[in-house]
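Please keep the sequence and the three-dimensional view at hand while reading.

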Amino acid sequence: MQTLEFSVSARDLGGNACDPLERFRFECLTSALRSAAPVVDGQIVPLEVRTSERQGKSVLVVRAEASVKAMLGLRDNVLSGEFDLAMAKKLGKDAPLSLIANRTNFAEEYEQSVLGLDDLTAHQSEKLQECDIRGDVHLKAPAGAGKTFVALHHVLDVLSRSSGVVLFVSRSLALSNFAASWIGKRVQDPERRLTFERLHFLSEPFDGVLRAVATGRRVCLRPVDLETSHLSYALVVVDEAHHVYSDPAIRAQVEAHVASTTQRFLLSDISQSLGRDIAYPEKLNEVELSEVVRCSKRIVAGAMAFQLGGEEKLLTRCHHESTGPPLKSFLFDVPVSDPDCFGAYAEHTLRALDHVLETFPGLHLHNRLAIAVPNAAFLEGFREVLSHALCERFNHRRFRLVDAATASADLGAASGKQCADKDFLHKDQHHRSVDVEGWDDDDEWLVYDTIREFDGLERLMVICVGLDSVIGAKVDGGENTNAVELETRSMLYRAVTRAHLLVLVVNEFLRGGWLEFLGSVRLRDDETFDSSAELQRSEATAVEEVVMTELSNDVLSVAKVENLDLEGQALNIITSRVAALREQGRELDDAIHLTLKKWRFSLEQSVSALRKAANKLSPAADEDEVRACQ
């Protein structure tokens, strides 16, 4: 049996805190509370209610004592908002107030349950067994399925049962820091030091191999001292391989570390890449994870709006049954007086943060909340404005903006209070970090970085800032921005799936943007969430159709000039091939002309073969019959 207490407060119709006992009798309030209790295994979760006082107003204190399964049901009901909806229904639509359950304790418990998944789930274990340890592996999965988690278990196993050296490759330093800290937390000194000596890392700028060094409560990556040119790695793990292998130069650098005896272990998610055609190594044993373990069901449904994969993406499912709070958006019109938009973005980012603090009162946000922005220019331009606004609005809280690499280097508790070691502050060319000297345990780190630096990482909550763009927009003299559309879809999907529990979107309103186009994915807080309905409503092919529309139009324009008639499946095939060439670095015109040339050649070969076949069947066949066969 488990026991948990949480408070329920009241707000009037204007949203102001009020005393519920001034409007309703205690018995009536108790009845509303108990009516909201979920039914688990045919039994209503029992709730005991008493009153307390906070800031001169009465609050209701609810005590639940039930089985672990029943408590999980109660937790998910409160976090999803269904508990509040049930209380409102019981009080009636004309009630002068609303009752709000405090979600803070439940959020902390949810975080502990997610981060406490130290053992592989049955699904993950089954899939890891499918990975042939004698050959190269390509593990594919949606975001939140635990690809990195599965791979790190394999890394730990290789390091513990052999003397081999492992290379972990990632595009970002932050993800390498996370991998090092994950291993470091599970191996104690002196074994940790010996393990780190056999665990190497390669990340941007990909100009040298690094190894982990524990500095107090943090991990730091330093250049490897020994000569690595002839080092044979037992295992090379490439995380976010869809990004690494999309770049021919980076691909070559990674492959230079692969020997004939090296096992490759690639991790990828097609929906986090810009498209489908990536030049992966040959003869990879493909294994797929389809079970999301770290995101709530609402986040899974929201992410599917931006996910590639056709109907197959509807197979994505949650390991748990947590619905989670609704996705919250803060869209605004840019004022004329703020041409760079940063002032408006700061104002509405603070609104999003206010929502978090109101939803989870008293929750310490240290290393729990991420603020993801689109690119380095936005990151630098917005940083000072946002930092100043945070100090002005929340002068009673010590919020600090910290980059993802710094936040991921922790060797302590995942979300506890940490103080950076001064030894860690020494930086070389491989490090990018804020100066945290003088900060203490009262500071709350808000992880602030580009979505690129968050790849492979997760936080309890994520605020997505400025990630939208207009579909079909033109830039730089009218050139079509199909690549921008691909990148925007990818960024939105990646940002949404960085969150375990809550996603908030802050963006200027863009007519014709992705957020407007996909507004039919309704994740509202005024109605009960239906997981299966939302997954079907996300329309499995909608995003892919939009992604390819502009490129198809470009293909048709060139084909018309070349008197080549394209439609249906032929157009789809050619467009996909053009997209593959574009991702390999070809200019748009070159990619289209090369693809159409090959297509015309294939048609001519087919027509010739048909003529020969027709002549063999009937040498006297009429030419019209041959044309009909074409």
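## Overview

The protein has 630 residues, and 53% of them count as buried. The model is a predicted one. Its secondary structure consists of 22 helices and 25 strands. Among the contacts with a separation of 6 or more, 78% are between residues 24 or more positions apart.

- As background, strands of a sheet pair through backbone hydrogen bonds, in either a parallel or an antiparallel manner.
- Strand β9 (residues 166-169) and strand β13 (residues 235-238) run parallel and are joined by 4 bridges.
- Within this pairing, L167 stands opposite V236 in β13.
- Strands β10 and β11 run antiparallel, with 2 bridges between them.
- F201 has L210 in β11 as its bridge partner.
- Strands β11 and β12 are also paired in the antiparallel sense, over 6 bridges.
- A214 has V219 in β12 as its bridge partner.
- A hairpin is formed by β11 and β12, with 2 residues between them. In its turn, G216 has a positive phi of about 70 degrees.

## Nonpolar cores

- The largest nonpolar core has 70 residues, and the members with the most contacts inside it are F83 and F382.
- Helix α12 (residues 342-359) supplies the largest share of this core, namely 9 residues.
- At least three residues of this core come from each of domain 1 (2-115) and domain 3 (299-419 + 440-531).
- Leaving aside residues up to four places away in sequence, F83 touches F6, L33, A36, A37, L47, L74, N77, V78 and A101.

## Aromatic pairs

- How is a pair of aromatic rings described? The description uses the distance of the centres and the angle of the planes.
- The count of aromatic pairs comes to 13.
- In the pair F149 and W182, the ring centres are 6.0 Å apart and the planes stand at 85 degrees, so the pair is edge-to-face.
- F149 lies in helix α6 (residues 147-161) and W182 in helix α7 (residues 173-186), so this pair ties together parts that are 33 residues apart in sequence.
- Are these two residues buried or exposed? F149 counts as buried because its relative accessibility is 8%, and W182 counts as buried because its relative accessibility is 6%.
- The rings of F378 and F382 have centres 5.4 Å apart and planes at 65 degrees, so this pair is edge-to-face.
- F378 and F382 are 4 residues apart in helix α13 (residues 376-393), so about one helical turn separates them.
- F378 counts as buried at 11% relative accessibility, and F382 counts as buried at 0%.
- One aromatic cluster is formed by F332, F342, Y345, F378, F382 and Y448. F382 also belongs to the residues with the most contacts inside the largest core.

## Backbone features to note

- As background, most residues other than glycine have a negative phi, and most peptide bonds are trans.
- A cis peptide bond, with omega about 10 degrees, joins E204 and P205. P205 is located in the loop between β10 (199-202) and β11 (210-215).
- D41 is not a glycine, yet its phi is positive, at about 55 degrees. D41 lies in the loop between β3 (39-40) and β4 (43-44).
- Is D41 buried or exposed? With a relative accessible area of 58%, D41 is exposed.
- E240 also has a positive phi, near 50 degrees, in a residue other than glycine. E240 is placed in the loop between β13 and α9 (241-244).
- E240 counts as buried because its relative accessibility is 3%, whereas D41 is exposed.

Terms used
Residues numbered from 1 in each chain as written. Predicted model: local features only at pLDDT ≥ 70, side-chain atom pairs only at ≥ 80, totals over all residues. Heavy atoms only, no water. Pairing = 2+ DSSP bridges. Core = buried A, V, L, I, M, F, W, Y, C linked by side-chain atoms within 4.5 Å. Buried < 20%, exposed > 50% of the residue type's maximum accessible area, 1.4 Å probe, protein only. Domains from an automatic or database assignment. Contact = heavy atoms within 4.5 Å. Phe/Tyr/Trp six-rings, centres within 6.5 Å; stacked < 30°, edge-to-face > 60°.
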